[in-house]
Each structure stands twice: as structure tokens, then as C-alpha cells.
Amino acid sequence: MERPAWAPRSIDISVPSVSRIYDFYLGGSHNFEVDREAARKAMEFMPGLPKIMQANRAFMRRAVRFAADQGITQFLDVGSGIPTFGNVHEVAQSASPGARVVYVDHDPVAVAHSEAVLRDNADAGVVAADLRKPQEILASAEVQQLIDLNRPVALLLVAILHFVEDEDDPYGAVAELRDALAPGSLLVLTHASYEGIPLPPERAAGTVDVYKDIRNPLIMRSRDDIARFFEGYDMVEPGLVPMPRWRPESETWDPQDEDPWAFSGFAGVGRTA
Amino acid sequence: VIAEPDGPEGRLRRFATIWSRAVFPVTTTSSTRPEFEEQLLPLARRLSEALRARTFDADEGRALGAALVTVHCTDPEALSQTLDCVDAYLVLYCGGDGDQEDLRVRASRLQHAMAAGFAAALRERTLAEQEAISAAALKAQGVVAQALHASEARFRAVFEGAAIGIGMADLEGNILQVNEALLRMFGISEQMMRGRNVMEWTHPEDAPQTWTLYDELVRGEREHYHLEKAFSRPDGTVLWTNLTVSLLRDADGNPQYQLALMEDTTERRLLNLRLRYEATHDALTGLPNRTFFFERLEKALGAGAGQRFGLCYLDLDGFKTINDSLGHAAGDRLLVEVADRLQSCTTAPGEMVARLGGDEFVALTTGTDTEREVDELASRIMHALLAPISVDGRELTVRGSIGIVEGPAGERSAAEVLRSADITMYRAKASGGNRFELADEEADARAITRHGLTTALPTALERGEFFIEYQPLVHLGDGSVRGAEALVRWLHPQHGVLGPDRFIPLAEHTGLIVPLGRWVLEQSVRQARAWRERHEEAGPLRINVNLSPCQLTHPGLVQDTVDILERAGVEPDALCLEVTESALIGADDDLLKPLRRLAEMGVDIALDDFGTGYSNLANLRRLPVSILKLDRSFTQSMQQFPADPVDLKIVEGIVSLAHSLDLAVTVEGVETGAQAEQLRILGCDTAQGWYYARPGPPERLHELALVDATG
């Protein structure tokens, strides 16, 4: 059976979506009022959320370039959301023309939008699948067509794992994906944490509540818990660090130039042995 | 190109730096600030050129405003910061040496155009993105709708095409939807189904829990239930189904519908009932058969405390004669009539009658008062058989023997009860028939042991449970061992060592005596050869083996004996076959022929237990015997001292008669030296008894013979 006979659950755009909220943080208009309302509520507690997202995007861009420098030409971006400027395929394909990119998201609207954006890009595709079911990702037609799992892949789990609750076994899912990757593959990961947020956790918790209300709980994990996602990987220098500190590209980089919110949470890159 | 710090290029760069620093914090770019500055530099150059162009180009100003949106400065604050920069620094760093007032006016106009261009571009982009995301949402919904449609079509096909009946009802029981299969099963149209309620479908055969389960389900206390349920069809027939009812809940988990899946099991049920009937009833009489009876008996025996059972085991007297004389068809008709009469005797609840086979019937009564009931039942049966039965125009008088077993439940197994009833019935029959007898434990026990031994005999031979002991035969004249009598024993796994008197009659009865006798003969002859080899010096030792009446008439006797002797390489004169006097009473020549043949070959024939039966002395002459074995009853009186003179005379007479017929005399049961001496004086030839040795293993005989030979 290729697909279950059941129709997917209907799409309710009156329910906020984390992809569209993320787009709003990044100044996009790929969102609806329900999304903006939730985003504004979350920003009441953490006004710097857009800066955190920007730092995520900036880290991702640096990490993709790093991967391209390492000779990696295949990218699997799980939890890709709404494609905005500076997407993985733009960065990757400008650094390494012909690079293959597969986006994965479980939000059908994000997938539909990605399909529209990627319509003319033969080297990029999008899969409607869930990180909690890694085999569905690996078995998808797009992955099968675009990605050669016998060669190294950069697996991007940027700002997604903090949406997977422990009972859904995120560690198991990450390990399952790792086991499918060829040696020399990279895991590019960012994760939300109370550590680094320039606010007392009690206050930041208000944001967590907003996400709980929209049935997309935000799981803040400690640095140690985040580090466990890299089991089976060798950490690439400088290890698991606040996002701006991961391989800043300018030699004259000065932390003072960065927004204090950008240091919320952690980012890191690991390499499979 | 390295810009001179104070050259036009250097000044342009400084403007771009100031601009980027002002705007960067409010952009959403993922670039670093220096990268961002690189993105702004071409824009700064175009601004500089527009400032100094000969004629003012508003379009270029608008384009520059729009370019801000392109480099992701979509926040209105980014425009504000940009315009502040242009206002404060553009003329300063990029004005060159033009007229300051003109440049200011030009910069101001540029700002107006940039604001308009920014607003227009942002509006375009916002609208485009809104449209894109709406389109994506629509498309996603379309995909879902399409999938939903396809899935509905698929499931409608499943629903309509399913072979099992499917129906949905609300929680009040109102039927909402049913499929074709269900309508077919019920034999009604969709119209007739409309407006019906599940709760109308009660049926007399509903299991007690049927509607309790239903209530639990619609109350949301149970997710599903499964049972066999009957429904009445409009045409009056019954529909039997395997019914599964499930509770369907809405997204919030509240009970919403009930779903029934049903499979028509009417046919299967009928077939099962028929098969069950056939498996449990006797084809001839229609009565319950042995299987059914055992089920009921086991149930009765498994009943709780205080419950009892009574069983009548009936066997018709002389049924075989009727069958033989009038034929099986007549016999069958008689059995059918008997069955009908018996059936009429068992009308109370808890009573049943069954045919076990042949002319054997059982009637069972259960309850608390079976002690009285079973007697009445037996009387009713005897009474029911009184009236003659008319078969083929003949009035046949039928009588029966009944064995009754009655007792409390929970003590005995069905097999034990039935065996007891069977034995008791035979007792009734043995007492003349046409009566009933009550089971008696002691009588049962005897019969059961007999029965048990009989059934265990065949396997006992296969398992080697038999063994042979040898009792020496001693010459009264010199006290030497002349041979031994082979005596078979059975080492029974439960009862221990059993003597021949316990099982030889049973073996005779079952015919097992033939193989058993052959085995004894083989063993004994083989033993005889062993002795002959080891004790040649002790003179020829002879082995005495008993022949039962059954073996005597067996056609293979002579050939078997010859074969056994030849195979063992033993001369016929090493063997003496003992035949009881009673076995030869009235023996004709046919019966004696094999014995004669054996005697002619050199096998000795001894007449065993002489003096116990009808000792036809005249007959002795024509029997091919060479030895008389006097029964122990003659020697018993000689244990006392002085011996009974009459007995002495009798023995003396027999010995003298025997000797005159050229027969040797052996005495059995010699237990004392006085006896032995007395018998020697009377002229007996050989003796055996405990005085010499009890029966024992063959090695014992070696020892005796050895002592004898050396002594």
C-alpha cells in the first residue's frame, strides 16, 4: 500500500501555524491574521523573537556554506516551513551549482507553497512528511530521486526539534535518520532553550504557553539535552554554542554588533564518522 | 579599487556604512552587517548619481525605494532610518561641489519618490505573498478535499459492496444508514428500514446480556461488543447473525454513533445444529447416542454439592436370538420400538434416555432425589417392556436386565459409573435376567480387577511382564533332581506378582493363552537345553510345561511344539506336557490325536491334577499319557502322623494301577520328610513340593542339581 486509504485531516487555516508565524517574524506576509495574532502574543513575552529567527536564518546560511565548502552537495531540510528569502536551496545552489535540496514539512500549506516556489527548480523538491516518522521521509519519492544516501548529506534540523515532545521520541527519530546517512554527513541543528534568553525563564515561559495554546508545544531543552541529539556525531568546531558564535564569517566579528536575543538557544554541526 | 578615503568613492562607502549601521537592526536579513553594507553599496551609488543627475528622475527614486524591499528592509522603520540618512548624509558625502541648495531640494525630492516607491513595492510584495499563501492554503485544501473525495468514494464502495451487513444508528437507536447486504439479510427494502429503531429488534432467543451490552455501549461505557443475535424477518423466518457493535466517538471523544457489523450465520447455524444432532444422536432410533450421553453424564457428575445422579443400564435379554432368527431388519424394528417406549419413560426434566449401541440403552436421572427416582425409573422401564412388541406380524416378548448405579455427583468419573452399571447389569443377567440390580461396590471391585487384568493381558505379553519359575521334580528313590515344572508368573505393574490361577483362566477366555502358552514353551525348552548343556553328568533333566484346554484344541499345537524343540535343538524326550484330567474328560479321538502325535515323537504327556475330576480309570488306557500327577489333596493327609489309612490305601491303589498300566506316578505338594518317606514306600516315582524347593528362578535348579550330583 503506497499511501493509507484515509484522507488527511482537513486543513483549518483558522488555526495558527508555526511555519506562518515564523514567516511573520521574518517580516514576510505569508501568513494570516490568526498567525500574526499568535506571533504578537508570543512577542509580548519575548519581543526579540524575530531576532532569534534571524539568527537562526543566519546560522543556517553559514552552516550550508560550510557544508558546501566540505564538498557536500545534498541537503535534507526537515521542518523547512514557508520558503522565504535566503532559503537552503538558494544558498546551497549559489555556493555549489547543481546541489540537490529536499525540503520536508508536515504543514500542508507550507508544502503547497514550497511546491509553487520550487516548480521550476529541478534540483529541489518538497515532501509532506513528519520528522516523527523518519522512514516516511527516507522512503519518499523526492528523497529517493534527489538524494543519494550512499554519499554524504547535510541534514538540517533547524528550529524544529523544540516542537517535538519527548513522548514522540525525538532522539529516536534523529538516530534513525543518522543511521540512514553515509559517513561524512552533517547534522545542522538549532534548538530553543531557556539558556541564553535575556529574560528570566518565568517570563519567557509566557511564550511557551502561547505555543501550547495553539497546540504546537514549544519544548525548551537544556544544553545537555540538546547535545544528546548529536550522539553518533563528531562535533564540528566550535561545538554546541549560541547561534552567532558558530563560525562567524567576518574576521572582525564583534559580539557587540549582535542583538542580545540572537544568543538564545543553541546551534551546532556534527559529522558522522 | 582601493578608494581614497577622501575621494568620491571613499565618501560613497562612508555613506553606505552609515546607512547600513542605521538600518541593519531593523532589517530581517540573514546577512551580516558587512554583507548587508555590500548590498546597500550599489544602491548608495545610484542615490549619489540620482542626486547629481542633470535632471531629476522620480522613477529612479521610486526604484531605489523599491530596492529597499528587495534587500529585505520591509519594516517601515527601515524606510524611516533610510530617509533620515539620505536627509542628513547624502548631500554631505555625495553632493560633490554642486550647489548646496539645489542638492538639498534634489535630496528631498528623492526622499519623496523613495517613500512612494517603498510603499508601492511593499504593497506589491505583501499582496503577492498574501496571494501566494492563500493559493497554497487553497491548494492544500484542494488536495485534502480530493483525497477526501477519493477516500469517500472508496469507502462508499466498501460500504455498499461489503458482503457483511453494515448499519449506523444514533445513540437513541434511530437507524441512519444501512448497506445493501444488511437489507438483503433482513429481506426488507430501504424504505421499510427508514425510521426504524435498533431497539425494536428484540428476539425471544436474545442472550440475557444482549441489551445490557447495548445500554452500556450507547452510554459510552463500552467501546464495542460482539455476540450472536437472532432477528425476525418480515416473512416470519429467523435471521441469525454474528453481530459486532462499535461505538463511534467524535473528535472530542464524545459518543456519537453506533456502528453494527453483522454476518449472516443462519445457514451455518442450521448446518451446525444438524451436524451436532447427527453427531449426538443414534441414526436408527433417534435417541441421544453414546457421545451425547457421556456429555450429559459428565455434566451430572460435575454438578455441585447435594446433586445426585441415577443411571439405569439396560440390556435386552436374548436379543441376539431375535436378530439371528428373524434377521437384522426385524431386530432393528424391535430396537426402534424399545427406544420409543424408553423415551416415554423419561419425561421429567433432568431425565434422558440414550442408546449406547446394539441392544444397550441407558436412562439417566439427575437432581437431589435420585435414590427414589432411579428405582421408579427402572420400574417404569421394566413395565414399559411388558407388553409384547409386534414385529412382522409376530408378537415378541422382550425382557431386559438393568444395572442401576446411583450416587452423589463429584465422586466418580463417567467411565467408572458406566463400568459399574455394566457390571451390575451382567449380574442381573446372570441372576436370570428380567430384573434390575443395584450396584454393589464389592462385587464391582472383583469384577473390575478381573476386567482390568483381562484388558491388561495382551500388552503384558508385549511388555515382557511374564516370567517363569521352576519347581524341581525329585526322584523319590534316590532323591536326585530329574527335572522341573515350569510355572508362569505375571509381574503386574500394580498388583505385583500374580500366580497362574489369577490370569490363566482370563487368558483362556480371551484366547491369549495360545501366544502366552507358546512363549512359556519356548522359554522352558530353551531353559531345558541350558540345563542339559551344563549338567550332562547329572543325567537328562526334563522340563514339564502345562497345556491349557484351549491350547489342546489349537490346530498349531503339534507343529508349534516341533518347531520350538527343533529351534532350541532339544530332543522331544526333554519335554513333558501336563494336561489336566478335566480337559480330557470325554475327549474324542480328534482331540487326542495331537497328543498322540507328540507322544509318538517322544514327548511325555502327564495327566495333571489326577483325582480331582471325574477320574475315569477305564479311560486311562486309551489316553496317550505316560505319567500321572496325583493331586495335592491326596498327600495333604499324610502331613499328619499317623496318616489316614484310607488315604494311604487309595494312593497305594492308584500307584499300583498306574504302574500296571506302565505309567509313572508323580506327587505334588510334598512338604515334609515324613510325607516323602511315606510316598516313597507307597511306590510313587517322583515328587515335587516345598520340602524340596519352592518354585524359583532357573539358577536355583542348577544349585540343587549340582548338590545332588556331588552328594
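The model is a predicted one, in which local features require pLDDT of at least 70 and side-chain atom pairs count only at pLDDT 80 or more, whereas totals for chains, interfaces and linings use all residues. Side-chain values rest on heavy atoms, with hydrogens and water left out; residues are numbered from 1 along each chain as its sequence is written, and chains are lettered from A and ligands numbered from 1 in the order in which they are written.

Within chain A, Arg36(A) and Glu33(A) are joined by a salt bridge with an N to O distance of 3.2 Å. The two residues are separated by about one helical turn because they stand three residues apart in helix H2 (residues 33–45) of chain A; helices (H or I, at least four residues) and strands (E, at least two) are DSSP runs, numbered from the N terminus. Glu33(A) is partly exposed, at 40% relative accessibility, where buried means under 20% relative accessible area, exposed over 50%, and partly exposed in between (1.4 Å probe, protein chains only).

In chain B, a salt bridge of 2.6 Å, N to O, links Asp59(B) and Arg62(B). Both residues belong to helix H3 (residues 58–70) of chain B and lie three residues apart, about one turn of the helix. Asp59(B) is partly exposed at 48% relative accessibility, as is Arg62(B) at 37%. A further salt bridge pairs Glu228(B) with Arg269(B), whose closest N and O atoms are 3.4 Å apart. Because Glu228(B) lies in strand E3 (residues 224–232) and Arg269(B) in helix H9 (residues 266–280) of chain B, this pair ties together parts that are 41 residues apart in sequence. Glu228(B) has a relative accessible area of 43% and is partly exposed; Arg269(B), with 23%, is also partly exposed.

Between the chains, 29 residues of chain B are in contact (heavy atoms within 4.5 Å) with 32 residues of chain A. The buried area, that is, the accessible area (1.4 Å probe) that two parts lose on being put together, summed over both, is about 2600 Å², with 60% of it on carbon and sulfur atoms. Thr28(B), Ser30(B) and Ile133(B) supply 23% of the area that chain B buries against chain A, more than any other three residues.

Three salt bridges are counted between chain B and chain A. Helix H5 (residues 100–161) of chain B contributes 18 residues, the largest share of the side of chain B that touches chain A.

The largest nonpolar core has 75 residues, of which Leu552(B), Leu575(B), Leu577(B), Leu584(B), Val651(B) and Leu679(B) touch the most other members; such a core is a set of buried Ala, Val, Leu, Ile, Met, Phe, Trp, Tyr and Cys residues joined through side-chain atoms within 4.5 Å. Helix H17 (residues 513–534) of chain B gives the most to this core, with eight residues. Apart from this core lies another, of 54 residues, including Ala38(A), Val208(A), Met220(A) and Trp246(A).

Methods. Salt bridge = Lys/Arg side-chain N within 4 Å of Asp/Glu carboxyl O.
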